[in-house]
Amino acid sequence: MSGEVPLEPKVNPSPTWKVNTKARLSACDNRPGLKKIYVRILDDKGEPLGGIKVRFDVEPSQGTAYDHPNVWGLTGEDGYLEWNHLGVPTRYMLWMEDDETPLVENIRTDLGYEYCRPTGATHGGWRPVNKPGVYSYRIEVQRKGEGD
C-alpha cells in the first residue's frame with residue numbers, strides 16, 4: 001500500500017557514520033514502560049567515542065501540534081547517551097554532530113499497544129508496557145574507517 005509509513009527506523013547515507021543497530025525494545029525489554037532512546041557511539045575501531053554531539057527532533061506531525069524541541073547532548077566517556085523523549089505518539093529523528101541530514105529518522109512512538117507475555121508465564125501481561133508515546137529504542141552508531 002503506498003503512503004504507508006514503515007515500522008522500522010530509516011537510516012540515511014552518511015560519509016562519516018554507519019548504523020550498526022537500530023532496534024525498538026520489546027514490551028518485556030522495556031518494562032516498566034520507559035520512553036528512552038539509548039545511543040552508543042563507537043570509533044572506527046569499535047571503541048567508545050566520547051564528546052560526540054547527538055541531536056534529536058520530531059518529524060512534522062499531522063493532526064496534532066506540539067513543541068519541536070531540538071534537543072541535543074554529548075556522549076560520555078563510554079560513548080553513551082540516553083534521552084528521555086517526550087512520550088507523545090510521534091516520529092523522532094537523530095542527527096550526528098552538525099550534519100544537515102538526519103542519520104536516523106522514523107524512530108516511531110506512534111504505535112499501538114504491546115504487552116509483555118513471557119513464555120510460560122501463568123499470570124500478568126494484562127497491562128500494556130509499550131503504548132502510544134511510550135516506546136524505547138537502542139541505536140549504535142560507528143564512525144566509518146578509511147575502507148568503509
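**Overall layout**

Reply: From the N terminus on, the elements of the chain run β-β-β-β-β-β-β-β-β. That comes to zero helices and nine strands. Keep in mind that this is a predicted model.

Me: How compact is the chain for its 148 residues?
Reply: As compact as a globular protein of that length, because its radius of gyration is 16 Å, close to the 15 Å that the globule rule gives. The C-alpha trace spans about 50 × 40 × 30 Å along its principal axes.

Me: What share of the residues counts as buried?
Reply: 40% of the 148 residues. As for contacts with a separation of 6 or more, 68% of them come from residues 24 or more positions apart.

Me: OK, the sheets. What is the strand order in the open sheet of five?
Reply: The order is S1-S8-S7-S4-S5, and the pairing is antiparallel. At the edges are S1 (10-11) and S5 (71-74), each of which pairs on one side only.

Me: How many bridges join S1 to S8?
Reply: Two bridges join them, and the strands run antiparallel. S8 covers residues 104-108. Val11 has Val104 in S8 as its bridge partner.

Me: And what about the open sheet of four strands, what order is that in?
Reply: That one goes S2-S9-S3-S6, with mixed pairing. Its edge strands are S2 (17-24) and S6 (80-84), and each pairs on one side only. From one strand to the next, the twist averages 15°.

Me: How many bridges are there between S3 and S6?
Reply: Five, with S3 (residues 36-42) and S6 running antiparallel. Val39 stands opposite Leu81 in S6.

Me: Changing topic: how many disulfides does a search of the whole structure find?
Reply: One. It joins Cys28 to Cys116, with an S to S distance of 2.0 Å. The link is right-handed, with 100° about the S-S bond.

Me: Which parts does the pair of Cys28 and Cys116 tie together?
Reply: Cys28 lies in the loop between S2 and S3, and Cys116 in the loop between S8 and S9 (137-143), so the pair ties together parts that are 88 residues apart in sequence.

Me: Is Cys116 buried or exposed?
Reply: Cys116 is buried, with a relative accessible area of 5%. Cys28 is partly exposed, at 26%.

Me: Back to S3. Where does Ile41 sit, and what is it in contact with?
Reply: Ile41 is in strand S3. Leaving aside neighbours within four places in sequence, its contacts include Trp17, Leu49, Ile52, Val54, Met96 and Val141. Its relative accessible area is 0%, so Ile41 counts as buried, the cut-off being under 20%.

Me: How far apart in space are Ile41 and Pro6?
Reply: They are 25 Å apart, C-alpha to C-alpha, and 35 residues apart in sequence.

Me: One more residue, His85. Where is that?
Reply: His85 is in the loop between S6 and S7 (91-96). With 1% relative accessibility, His85 counts as buried.

Me: Which backbone oxygen does the side chain of His85 reach?
Reply: The one of Tyr135, at 2.8 Å. Not counting residues up to four places away in sequence, His85 touches Lys35, Lys36, Ile37, Tyr92, Thr109, Gly133 and Tyr135.

Definitions and conventions:
Residues are numbered from 1 along each chain as its sequence is written. This is a predicted model: local features need pLDDT of at least 70, side-chain atom pairs count only at pLDDT 80 or more; totals for chains, interfaces and linings use all residues. Side-chain values use heavy atoms; hydrogens and water are left out. Two strands pair if DSSP finds at least two bridges between them. Axes are lines fitted to C-alpha atoms, for helices over the stretch in contact, and angles run from 0 to 180 degrees between N-to-C directions. A disulfide is a pair of cysteine sulfur atoms within 2.5 Å. Buried means under 20% relative accessible area, exposed over 50%, partly exposed in between (1.4 Å probe, protein chains only). Contact means heavy atoms within 4.5 Å. A polar contact is a pair of N or O atoms within 3.5 Å; within protein, one must be able to donate a hydrogen and the other to accept it, and residues adjacent in sequence count only if both atoms are side-chain atoms. The radius of gyration is taken over C-alpha atoms; the globule rule is 2.2 Å times the number of residues to the power 0.38.
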